[in-house]
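Work through the exercises below with the sequence and the 3D view open. Try each task before reading its solution.

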Amino acid sequence: MPISQIFNLSIKTSSFPDDCKISKLKPLYKKGSKTDPKNYRPISLLPIVSKIIEKLVHDQTQNYLSETNVLCDCQSGFRKNYSTNYCLAYLNDKVSKGIDQGLYTGMILIDLQKAFDTIIHLLLLEKMAFLGFSDKTIKWFKSYLTDRKFNVYVNEATSDPGPLSCGVPLHVDDSCILFQHKDVNTIQTQRNEDFSNLCDWFC
């Protein structure tokens, strides 16, 4: 069956093919002791057909988010015409303009540990409903996220299939909080308050 037919049938029935829900996980070493499993990031290798369908759905979803102005202008990840360079240029311009106005800049750079693994599917679907996605679209995403399985590949060894009840294949986990003022102590106080509020929100 041509991929276009598979895609159209998937959208029409609001269901994602079960055979495309099985991913191969390969651990990618990040830092620290190589004998500690916590120091590895799981990389999902998905079937080719799955990636094609995902790209098509991504494009349609991105169009909806752009048309409804849901995304903040400061978000650079996974957006057309945006990149890491765009983000860095924005921050550089912001700091430079602050200097011209006699302002100091305080910044908190956040890299969320294991962000890929901690997305709760139910909350994601509820947020999509809040943002105005149709019931049919939410049903498709629910099918996409439900009953996913994975095998872990390490060297030549392969694990038995395991269920994947949370997390998503792709997620942006780097953020920046910025504040400008003429008084350094004011910046420090504000940054500490913002970071405390952020930690409470994450909890």
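A polar contact is a pair of N or O atoms within 3.5 Å; within protein, one atom must be able to donate a hydrogen and the other to accept it, and residues adjacent in sequence count only if both atoms are side-chain atoms. This is a predicted model: local features need pLDDT of at least 70, side-chain atom pairs count only at pLDDT 80 or more, and totals for chains, interfaces and linings use all residues. Residues are numbered from 1 along each chain as its sequence is written, and side-chain values use heavy atoms, with hydrogens and water left out.

**Exercise 1. Arg191**

Task: Find the side chain with which the side chain of Arg191 makes a polar contact. Then decide whether Arg191 is buried or exposed.

Solution: Start with the location. Arg191 sits in helix H6, residues 184–202. Helices (H or I, at least four residues) and strands (E, at least two) are DSSP runs, numbered from the N terminus. The partner is the side chain of Asp194, at 2.2 Å. Next, burial. Buried means under 20% relative accessible area, exposed over 50%, and partly exposed in between (1.4 Å probe, protein chains only). Arg191 has 7% relative accessibility, so it counts as buried. Last, the surroundings. Contact means heavy atoms within 4.5 Å. Leaving aside neighbours within four places in sequence, Arg191 touches Gly106, Met107, Ile108, Ile177, Leu178 and Phe179.

**Exercise 2. The largest nonpolar core**

Solution: A nonpolar core is a set of buried Ala, Val, Leu, Ile, Met, Phe, Trp, Tyr and Cys residues joined through side-chain atoms within 4.5 Å. The largest one has 16 residues. Phe16, Ile53, Val57, Leu125, Met128, Trp140 and Phe141 touch the most other members. The elements asked for are helix H2 (48–67), helix H4 (121–130) and helix H5 (135–145). H5 gives the most, with five residues. Now take Phe141. Beyond its neighbours within four places in sequence, Phe141 contacts Val57, Thr61, Leu125 and Met128. In soluble globular proteins, nonpolar side chains tend to be buried together.

**Exercise 3. H2 against H5**

Task: At what angle do H2 and H5 pack, and which residues make the contact?

Solution: The angle is about 145°, and the axes are 13 Å apart. Axes are lines fitted to C-alpha atoms, for helices over the stretch in contact, and angles run from 0 to 180 degrees between N-to-C directions. H2 supplies Ile53, Glu54, Val57 and Thr61; H5 supplies Trp140, Phe141 and Tyr144.

**Exercise 4. Ser143**

Task: Is Ser143 buried or exposed?

Solution: Ser143 belongs to helix H5. Ser143 counts as buried because its relative accessibility is 15%. Apart from neighbours within four places in sequence, its contacts are Ser14, Ser15, Phe16 and Lys21.

**Exercise 5. Loop residues**

Task: What is phi of Asn69, and what is phi of Asp147?

Solution: Phi of Asn69 is near 55°, a positive value in a residue other than glycine. Asn69 lies in the loop between H2 and H3. At 64% relative accessibility, Asn69 is exposed. Asp147 is not a glycine either, and its phi is positive, about 60°. Asp147 is in the loop between H5 and strand E4 (148–154). Its 59% relative accessibility makes Asp147 exposed.
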